[in-house]
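Have a look at the model first, then read on.

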Amino acid sequence: MILIQNGLIVDPKAKKQYVADILLDEGRIRCIGEHLAESLRSGVCESGQTEITVIDATGKTVLPGLIDVHTHFRDPGFTYKEDIETGSRAAAKGGYTTVVMMANTKPSIDNADTLHYVLEKGASTDIRVESCAAISTGLKGQELVLMEKLRAEGAAGFTDDGIPLMDAELLREACRRTAAMKVPISLHEEDPSLITNNGVNRGRASEYYGIGGSPAEAETSLVARDIRIAAETGAILNIQHVSAGATVELIREAKKTNPHLHAEACPHHFTLTEEDVIRYGTLAKMNPPLRTEADRQSVIAGILDGTLDLIATDHAPHSTEEKQRPITEAPSGIIGLETALSLAFGELVCKAGMSRIALAERMSYTPAKMYGFACRGYVQEGALADLVIFDEKSTWIAGNYVSKAENSPYTGQKMQGCIEYTICDGKIVYCRQEPEQYAQISFTGTDHV
C-alpha cells in the first residue's frame, strides 16, 4: 500500500483540484480524503496489512498518470535506436504510465505475430504499453490489414504513422471499419507531392539550407480531405502532430459538428519554430516540420481552446550517427517522453495561463477516453493507481536521458517542474530519491490498516 499525503490533486474528470491524501492498494485508488493516516489507525479502512509506504506530497501536484498516444519504441527492427524496455523506462521517468506504440517497426505491426511480440514485451515492463496496428499491409497504402482480427488480438487502434495514406477510397474503407469497431484511426498528414525535402519548413529554414522544404499546404490539404471522410463514415479520427495554423482552423471548424474528431499537439510544435532548425540543425528536423512563430501561436491557441485536445510526444529516437548526417539525409524526429510534461507546464500553464485541469485533460483524460482505456486518466476512488507527483517549482537541466537516444534540441536547457514520482499499477516505477528513503507507517497490536 502507498499513502500519498497532502498533495494538490488534479482530477480532470471532475474538473477540480484540491489538497488531500490518497491511499493506493492492489493497483487501485482506494481512498481519497483528509488525515487518512489517522483514519487507517482507527480502522476506517480495514485490511490485514501492517505497513504502508508514505510519500509526503506537501507542496507538490498529483496528476493522473500521463498517457502518450504517439510513441515510437523502434522494437522490433530498430532496437539500436530504442527498444520497448528502454522506451518504457524513459516514459516512466517522464511521468507516463501508458503509451501507445506506432506500427512503423520492422516488420511493421500489420500481423498478429508482431502485435503479440510488442504487447507481450510491453507487459513485462513497469508501465502499460499499448500498440496500434498498421492500417495497410507493409505500410504501403495499397491493401488494408485484417483490421477486425488485429483488433481482436489486442490492437488499440490503427495508424500508418510516418507515411500518409494517399488512396482516399482505401482510407474511406479503413474509416468505415474502425468506426464499426469504435477505435481510433490516427493519420500522418503530409502530401509528398507538395514536398521537395521533408523535415524542414518551406520558408526561412528551407532558404537557409538551400532546399525545397515542406509547405504548410502539404498538411492542410490532406487534413481537409480526411476530415470530410471521417465525417461521412463516423470514424474516430485523430489528426497527428498538427504543425500549421491553417490546420488548427480547419479542425476548429470541423469540431463544431463532429464530436469524434481529435487532434494532437506535440511539445516541439508549441515551443519551437523554424528558427530553431537553423539553430540546432538536424536535432530540430522533424515531420511535419517546425514552422513559423505565427503557426506556433496558433497551435497554442488550439490547445487552450480544446481544438487540439491531445498532447502527444511523437517520441522518435535516432542514433547520434544518423542525426549527424547532412540536413537532407538525416532522419526526422526527436525524443520527447522525458521532457514533455515540463515543456507543457512551462509553456502552457506558466506562460499561457492554461489551468492544471486542462493540462491533465490533454495529457491524460482525453487520451484515455479516445482509446477507451477504462479507469485511466483521472484521480478518483476506484481508478487505476497510475499517478504522477510533480514539483512545479523545481527546475532541472534536460539531459542524462534514460532513452537510448539523445536526439533532442532541448538538451542543456532549463526545464520547469520536476517529476518526483511516477506510480503505475500502485507501484513506484520512477522516483528522484533512493527507495530506502521512503517513510513507513507501521501498525501493531489492535491497530488496523
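In this predicted model, helix α13 gives 5 residues to the lining of the second largest pocket, the largest share of that lining. Two or more lining residues come from each of α10 (274–280), α13 (340–351) and β15 (414–424). The space in this second largest pocket is about 280 Å³. Its lining has 16 residues, and L343, E347, K351, Q413 and K414 are the closest to the centre.

The largest pocket holds about 490 Å³ of space. Among its 26 lining residues, those nearest the centre are R74, N104, G162, H318 and S332.

Now for the histidine. H72 sits in the loop that runs between β6 (66–71) and α2 (84–93). Its relative accessible area is 4%, so H72 counts as buried, the cut-off being under 20%. Beyond its neighbours within four places in sequence, H72 is in contact with M102, N104, D161, D314, H315, A316 and P317. With one of these, D161, the side chain of H72 makes a polar contact of 2.9 Å. As for S319, it is 247 residues from H72 in sequence, while the C-alpha atoms of the two are 14 Å apart in space.

N104 links the two topics: it is among the contacts of H72, and it is also one of the residues nearest the centre of the largest pocket.

Methods
Residues are numbered from 1 along each chain as its sequence is written. This is a predicted model: local features need pLDDT of at least 70, side-chain atom pairs count only at pLDDT 80 or more; totals for chains, interfaces and linings use all residues. Side-chain values use heavy atoms; hydrogens and water are left out. Helices (H or I, at least four residues) and strands (E, at least two) are DSSP runs, numbered from the N terminus. Buried means under 20% relative accessible area, exposed over 50%, partly exposed in between (1.4 Å probe, protein chains only). Contact means heavy atoms within 4.5 Å. A polar contact is a pair of N or O atoms within 3.5 Å; within protein, one must be able to donate a hydrogen and the other to accept it, and residues adjacent in sequence count only if both atoms are side-chain atoms. On a 1 Å grid over the protein atoms alone, a cavity is a set of points where a 1.4 Å probe fits but cannot get out, and a pocket is an open set with protein on both sides within 12 Å along at least five of seven lines; lining residues have an atom within 4 Å of a point. Grid points are joined across faces, edges and corners, and a volume is the space filled by probe spheres set on the points.
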